[in-house]
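Reader: I have a model open and would like to go through it with you, step by step. Could you help me read it?

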Amino acid sequence: MRLFVSEGAPGTLPVLAAAGRAQGRAELLISTVGPEEHVVPFLTRPKVPVLQLDSGNYLFSTSAICRYFFLLSGWEQDDLTNQWLEWEATELQPALSAALYYLVVQGKKGEDVLGPVRRALTHIDHSLSRRSCPFLAGETESLADIVLWGALYPLLQDPAYLPEELGALHSWFQTLSSQEPCQRAAETVLKQQGILALRPYLQKQPQPSLLEGRAVSNEPEEEELVTLSEEEIAMAVTTWEKGLGSLPPLRPKQNPVLPVAGERNVLITSALPYVNNVPHLGNIIGCVLSADVFARYSRLRQWNTLYVCGTDEYGTATETKAMEEGLTPQEICDKYHVIHADIYRWFNISFDIFGRTTTPQQTEITQDIFQRLWNRGFVLQDTVEQLRCERCARFLADRFVEGVCPFCGYEEARGDQCDKCGKLINAIELKKPQCKVCRSCPVVKSSRHLFLDLPKLEDQLEEWLGKTLPGSDWTPNARFIIRSWLRDGLKPRCITRDLKWGTPVPLEGYEDKVFYVWFDATFGYLSITANYTDQWERWWKNPEQVNLYQFMAKDNVPFHGLVFPCSALGAEDNYTLVSHLIATEYLNYEDGKFSKSRGVGVFGDMAQDTGIPADIWRFYLLYIRPEGQDSAFSWTDMLLKNNSELLNNLGNFINRAGMFVSKFFGGSVPKMVLTSDDQRLLAHVTLELQHYHQLLEKVRIRDALRSILTISRHGNQYIQVNEPWKRIKGSEADRQRAGTVTGLAVNIAALLSIMLQPYMPTVSSTISAQLQLPPLACSVLPTDFLCTLPAGHHIGTVSPLFQKLENDQIESLRQRFGGGQMEESLALKAKVFPKPAAVETVTTAGPQQIQELMDEVTKQGNIVRELKAQKADKNQVAAEVAKLLDLKKQLALAEGKPLETPKSKKKK
Amino acid sequence: MAAAELALLEKSLGLSKGNKYSAQGERQIPVLQTNNGPSLTGLTTIAAHLVKQANKEYLLGSTAEEKAIVQQWLEYRVTRVDGNSNKDDIRILLKDLNSYLEDKVYLTGYNFTLADILLYYGLHRFIFSF
C-alpha cells in the first residue's frame, strides 16, 4: 500500500503515529505530493493524506486510515472509540481548523486562537477526569488517543495553548507525546519548526467555515432547547408553588459593610481610572460597568459585598495637565475627580465608595508596604540613565516620551509600553525619542533609583499562582498574559521617579523623588477602603474570608496579577490577594479606535447628551462586552439591538403580560391552573435561570444577558401560541386558560425584572413598580423560579418600557461622534451591513456571471482530469490545461481576487 | 430527525424493542441511554451499536479493509452530507459519489453495509429536492 502525504498537512501526524504502532504488518510506501494534487480520482477537491490499498481502493479519511492500521494489528472496534472518532470528525475538527487557521495563516495569538477550541478541550479534559482513566477509551492507549493526539498536537505542543486548568488533558497529552511512534511522527511532520511547518499547506486551504460564521462577534449564539425529564419538570413545579415563602429573610443593610465569618464575602474592585482622562465607552465597559453588574448580582445573592473604586491621581500626566491649565495638581485632581464621579453616577454605577488616591491613607499604606519590602531585602538601588528634556527642565516620565518601538518598529510607541506589540519598553531604549510636550529631543542623564526585585519574589509568586489559578475564574486572557510574562522571566522594575506629585519615598537620599504610579496605584484600593472604614484591614488582610474580584481591561493584567501580588507577598503582612482576575479585551469604535484627540468615539460625559437613557447604554455595552475577543461599538447595531431585543422582545413581552392583567382581569393576577405545557415552560424558565446563575457566578456577564432575552423569547412565544386575548372572549374553560397564561406570563415578567437588575437597574425598578413586586422579591434573586405574584395580587399601572431608536436620530449621532474618520467608516460600514450582501458589494462582476464561470471551470477541470486518467496525449492535455488556467484567471478577475500564479507540479 | 432515522434503522435490523433517543446541542445530535453502561452520542456511533445489538456485525464489514471503508463513509455521511452544504457543495458531493460508484454495486464493492443504509438516508433529502 502507498501513503500519499503533503508537506505540512496536519492529517499526516496521526496517520504516521498509527502506522508506527501497527508497524511491520505490511509494507508502506510513502509519496509526497503537492497540497493541491488530486490523488483520489473520484474526489473533486484535493485531499491528503490518502492511503491507496493494494486492492486499488482509497482511504481518504485520516481516521479511517488510522483505524485501518489498528485493525491490521488485530485491534477490535468498540462503541467508545467510535464515539470519540465521530466526535473528532464532527466537533473537534471544525473548531481546530479554525484555530489553526487563525494561528498559522492569520498570525493571531492568545484567546483568538484558543477561543474556538476551548469547549472541545474542556470536553476531553472532563471526559478523562470523569472516567478517571488515563486514556480516552480505557486503561491502554488506543486508536481514539492516537487520532485525537495527532489532531491536537500542532496546537498543544505550544504550552501557551494547553490551558493549565485542564489537568487531565495535560497529563494525557504529555503521556502520548512522549511515546516513540508519536515522537517520530511529530518530528517528521513539524521538522522542529513547530506550528510554522504547517504553513505551506494551510495557506493553500480554503478558509474554514467556522470562521465565516463567526465573522460578526456581536451576534448571539444559537439557542438550544434541551429535553427535560419528568422529574425535572415536577421539581420545578413544586418549587414554583412554594412562592415567596421559600425566600430567605432580607439581610439588614450594614454601614460600613464588613466581612462576616462564615458568610460569602465579596470584595470587588474596578481598575482606577486615571484622573485627567475622560473615560470613553471602552473604559466604562472594561472596568466600572462590568464590576457594577457583578456587584449588583452579588448583592442580589445576599452575599456580603463591597465595591471599591476611585480616581488614580498622582503622576506626571497630572503635573503636565496642571501646567497646561494654570492650576495646581491638587486643583486639577479636584476638578476632574468630580467629572469622573458624575459620569459614573449617570451610568448608575453602585460603588460603595468612589474615592481617590491623593489621601493621607495612601501615603501611609504605600510607605508601610515599601518599608516592609525594604526591610526584607526586596528593594534594590541602582543608577538609571534617564531621559531629561533640557527645554522643559525636567526628567521625562515614560508616557511623556514617544519614539520608535525597539521591538516592532511602531512609530508612536510610548515610553513605557508599545501599543502595537504590547511589549514593555524602557524609555531610553526608544529609537528617535521625543519629548511629548515640546517635541525636542531629550538627553540621557543619570539618577539614583529604587527597584522592586521581582526575580527574588518569583518563586513565591509561582507558588501563590499554583494555588490560586486552578478552579478560579481568572479569564483566559489574564492567565495567558501572566503565563507569557513568567515564561519570559521577571526583571527588577524601577519604582521611583524624579517628580513632585506623588507619594513621597521614606528613605534618606530620596527626598526629591516619589513612588512611580504603577507601584502605588494598586495600593489605592486599600487606601480608598481605608477612607471608607477604619476597619479596612478586615477586608484587605483577610485572605481566608474574603473573595477578591478585580475587573480591568487586559492591559492592566500585569499590574494586578504580578506586580501587586509580588509587593504584597514580599511585604509578608497577610494581604488579601486577587482570587478572580476578570479582564476584558478591547472595545473598538465603529471600525477604528476611540480617540480623544481626533474626536472619534463616545466619551462618558457625552453619552448623557445623546438623549439615550443610561440603561440603554448599559444594555448595549454589556451586550457587546468584549469577552473572549475584541468587539466593536456600532451605532447601527445599537439601533438594531434596541429595536429588536429591547423593544420587540423584552419590552413587548413584559408590557403585554402586564396589560393583560390590567385589561382583562382588572389589575388583579388571575388564578392559574397549570397544564403540562405550562409546567414544561416553567421548567424551561427555571433551567434558563439556573444557567444565568452559573454564568454570572463565573462572571460571564455577556452570556448571562442572553439568558434574560431567551426567557423573554420563550414568554412571547407562549403568549403567541395561547392567544389569551382571544380566549378571554370564549367559554368558561377558555377564560380560565386565558387567566393561567396571563398569570404565568406576568410572573415571568416579575422574574425578568429582577434578573435585569444588574444590567438595567432603572428599567428593573420601573418594572417592579409597575407590577408592585413585594420588597423582598425585589432584593433577592432565588436560584429557582418562584411564583412571586400569586392569584389576587394587584399590579400597578403598566406603561411601555422602551422607545424606538430612529434611523435619522442614529445617523445624526454617528456624524456627531464620527470625528475625522466619519466618511471612511461609513464606507467600511457599507461592506458590513447587510451581512448577506457582503461578498457581492466588493466583486466587480455580477453573481450570475461568476456562477457561470465557476461552472465552466468545474467542467473544464473534469475534462482535464478525465484526459489525465485516460493517460491521453501530452499535448492534448496541455492544451486543455491552458484553457482551464485561462478560465480560472477570468473567474479570479470577476471575483476581484488577486491572481494566483500557477505552481509547477511536483513529480511523483 | 436523527431519532426518526435511528428508529427506521432499528426496524430494518429487526430490533423489536424501540429505544428512546434524546437530542443534544444545536445540531440535535442523537443520544442513546443504554441499559448497561454510559450513554452513546452520535448518529453513526449509535447505528454501529444497533447493528451489533442485532447480531448483524457483517453490516460493519468483514475484513480490515471493509471495516475501514465502512467507517470512512459513515464519517463522510456526518461531516459532508450533514454539513451545512450549499447547492454547489451538494453538486460536487453527488458528482464525487457518482464517479466513485461507477464500477461498484455498494460502497464497499459487492457487500451491502451500514454505510449504504446511512448514506441512503442522508442523501434522500437532496435527491428529492433536486
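**Reading the model**

Reader: Let's start with one side chain: what is Trp617(A) in contact with, leaving aside its neighbours within four places in sequence?

Author: Taking contact as heavy atoms within 4.5 Å, and leaving aside neighbours within four places in sequence, Trp617(A) is in contact with Leu281(A), Trp346(A), Phe347(A), Val602(A), Ala607(A), Thr610(A), Ile612(A), Phe633(A), Trp635(A) and Met638(A). Before we go on, please keep in mind that this is a predicted model, in which local features need pLDDT of at least 70 and side-chain atom pairs count only at pLDDT 80 or more, while totals for chains, interfaces and linings use all residues. Residues are numbered from 1 along each chain as its sequence is written, chains are lettered from A and ligands numbered from 1 in the order in which they are written, and side-chain values use heavy atoms, with hydrogens and water left out.

Reader: Which residues touch the most other members of the largest nonpolar core?

Author: They are Trp617(A), Phe633(A), Trp635(A), Tyr692(A) and Tyr759(A), in a core of 173 residues. A nonpolar core here is a set of buried Ala, Val, Leu, Ile, Met, Phe, Trp, Tyr and Cys residues joined through side-chain atoms within 4.5 Å, and buried means under 20% relative accessible area, with exposed over 50% and partly exposed in between (1.4 Å probe, protein chains only). Helix H11 (residues 281-300) of chain A gives the largest share of this core, twelve residues; helices (H or I, at least four residues) and strands (E, at least two) are DSSP runs, numbered from the N terminus.

Reader: And what other core lies apart from it?

Author: There is another core of 123 residues, and among them are Ile65(A) and Ala185(A) as well as Leu43(B) and Leu50(B).

Reader: How many residues does the contact take from chain A and from chain B?

Author: Chain A gives 32 residues and chain B gives 39 residues. The two chains bury about 3,100 Å² between them, 49% of it on carbon and sulfur atoms, where buried area is the accessible area (1.4 Å probe) that two parts lose on being put together, summed over both. On the side of chain A, Phe42(A), Asp79(A) and Glu86(A) lose the most area to chain B, together 19% of what that side buries.

Reader: How many salt bridges are there between chain A and chain B?

Author: The count is two, a salt bridge being a side-chain nitrogen of Lys or Arg within 4 Å of a carboxyl oxygen of Asp or Glu. One of them joins Arg45(A) to Asp89(B), with the closest N and O atoms 3.0 Å apart.

Reader: Changing topic, what does chain B look like along its sequence?

Author: Chain B has five helices and three strands, and they follow the pattern α-β-β-β-α-α-α-α. Of its 130 residues, 48% count as buried.

Reader: Back to chain A: where does Pro273(A) lie, and is Pro273(A) buried or exposed?

Author: Pro273(A) is in the loop between strand S5 (265-270) and H11 of chain A, and Pro273(A) counts as buried because its relative accessibility is 14%. Gly310(A) is 37 residues away from Pro273(A) in sequence, and their C-alpha atoms are 7.1 Å apart.

Reader: Why is Thr576(A) counted as buried?

Author: Thr576(A) is buried because its relative accessible area is 0%. Thr576(A) lies in the loop between helix H20 (557-571) and strand S18 (580-584) of chain A.
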